[in-house]
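I set out to look up a few features of one protein model and to note each of them in turn. My entries follow the order in which I consulted the structure.

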Amino acid sequence: LKEILAPGLIVASLPTISSLQVAWIDTNSKSDCSFARWHVEVRPVNSAAWSEARGCSGLLQRSITQCTVTDLQSDTAHDFRVREECGGQLGTWGVTASTATTVARPADEPTSVNATLPSITSLQVTWSQPDLHDCAFKRYVLQWRSNDPGALWAEPTLGCNSSPSFCDASCRVEGLPSYTEIIFRVRVLCFGSGVDSPWSLPSGAVSTLPRPAEAMAAPSVSVIGPFSATLAWPLPGAAQATPLHDCGPELLSW
């Protein structure tokens with residue numbers, strides 16, 4: 001029987017998280033044997049075992065000299081080999097000259113972001129730890145904004161974004177504005193590029209507590225009779241007026 005040559009120039013390209021495209025050159029195109037199919041196999045470089053490449057099992061025409069191998073492990077280098085079956089005879093395997101690596105899978109976004117335990121300027125924020133996939137965890141990043149339309153996201157200046165521990169899925173956010181509905185979002189930063197998580201869905205809006213008005217200074221007293229006097233104090237906005245803070249818009253009486 002005439003030897004069936006190995007395919008030439010086998011190349012893997014166009015990587016995704018779970019696939020690679022494999023192409024080769026037919027070196028037996030002038031053969032007079034009855035072509036049956038191409039066989040394509042794959043193995044991770046850290047494995048000795050070859051297996052049939054998923055996505056490449058129906059190559060029943062000689063002119064089809066490429067296929068997309070699916071269900072591969074992310075962030076992993078792979079070898080490929082191809083051979084021809086012709087006239088009931090199996091040809092010699094041709095192997096890729098160099099490995100090809102799938103794309104790293106980013107971390108999933110954190111979920112179940114919740115804010116609780118409000119004070120005048122702080123809230124406790126918790127979230128569920130995501131699957132990191134190919135991410136080497138660096139830290140969480142938390143942002144907040146008021147629930148007003150058009151408000152911009154900002155990182156807190158106190159209380160969060162400093163822990164390098166994946167297990168620290170909570171923090172106390174300090175320095176927030178009082179009496180304000182706040183929402184939060186969280187993401188994962190990773191060592192290496194392209195694998196940071198997306199932002200989580202925003203938390204539900206939770207309000208910080210109102211800041212009470214400060215105690216008034218003693219009013220000035222003017223005696224106008226044996227049984228009466230006039231009391232006077234600065235109105236809000238005047239010099240030396242008592243700060244009303246969040247009471248101002250809802251002042252009922254003095």
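**Entry 1: the largest pocket**

I began with the largest pocket, for which I noted a volume of about 220 Å³. The model is a predicted one. I then looked up the lining and found 14 residues, of which K2, E3, I4, S31 and C33 are the closest to the centre of the pocket. Sorted by class, the lining of this pocket consists of 5 nonpolar, 5 polar and 4 charged residues.

**Entry 2: the pair of W24 and W38**

I next turned to the aromatic rings and recorded 6 aromatic pairs in the structure. A pair of aromatic rings is described by the distance of the centres and the angle of the planes. For W24 and W38, I noted ring centres 5.6 Å apart and planes at 65°. Planes over 60 degrees apart count as edge-to-face, so the pair of W24 and W38 is edge-to-face. I located W24 in strand β2 (residues 20-25) and W38 in strand β3 (residues 35-44); the two are 14 residues apart, and the pair links distant parts of the chain.

Are these two residues buried or exposed? I found W24 to be buried, with a relative accessible area of 4%. W38 is buried as well, with a relative accessible area of 1%.

**Entry 3: the pair of Y140 and F166**

I looked up a further pair, that of Y140 and F166, whose ring centres lie 6.1 Å apart. Their planes are at 20°.

Y140 has 5% relative accessibility and counts as buried, whereas F166, at 23%, counts as partly exposed. I also noted that Y140 and F166 belong to one aromatic cluster together with W127 and F137.

**Entry 4: a sheet of 3 strands**

Finally, I examined an open sheet of 3 strands, in which the order is β10-β11-β13 and the pairing is antiparallel. Which strands are at its edges? I identified β10 (111-116) and β13 (170-173), each of which pairs on one side only. From one strand to the next, the twist averages 20°.

Within this sheet I followed the pairing of β10 with β11 (residues 123-128), which is antiparallel and runs over 4 bridges. For T116, I recorded Q124 in β11 as the bridge partner.

Definitions and conventions:
Residues numbered from 1 in each chain as written. Predicted model: local features only at pLDDT ≥ 70, side-chain atom pairs only at ≥ 80, totals over all residues. Heavy atoms only, no water. Pairing = 2+ DSSP bridges. Axes fitted to C-alpha atoms, helices over the stretch in contact; angles between N-to-C directions. 1 Å grid on protein atoms, 1.4 Å probe; cavity = no way out; pocket = protein on both sides within 12 Å on 5 of 7 lines; lining within 4 Å. Points joined across faces, edges and corners; volume = space filled by probe spheres on them. Nonpolar A, V, L, I, M, F, W, Y, C, P; charged D, E, K, R; others polar. Phe/Tyr/Trp six-rings, centres within 6.5 Å; stacked < 30°, edge-to-face > 60°. Buried < 20%, exposed > 50% of the residue type's maximum accessible area, 1.4 Å probe, protein only.
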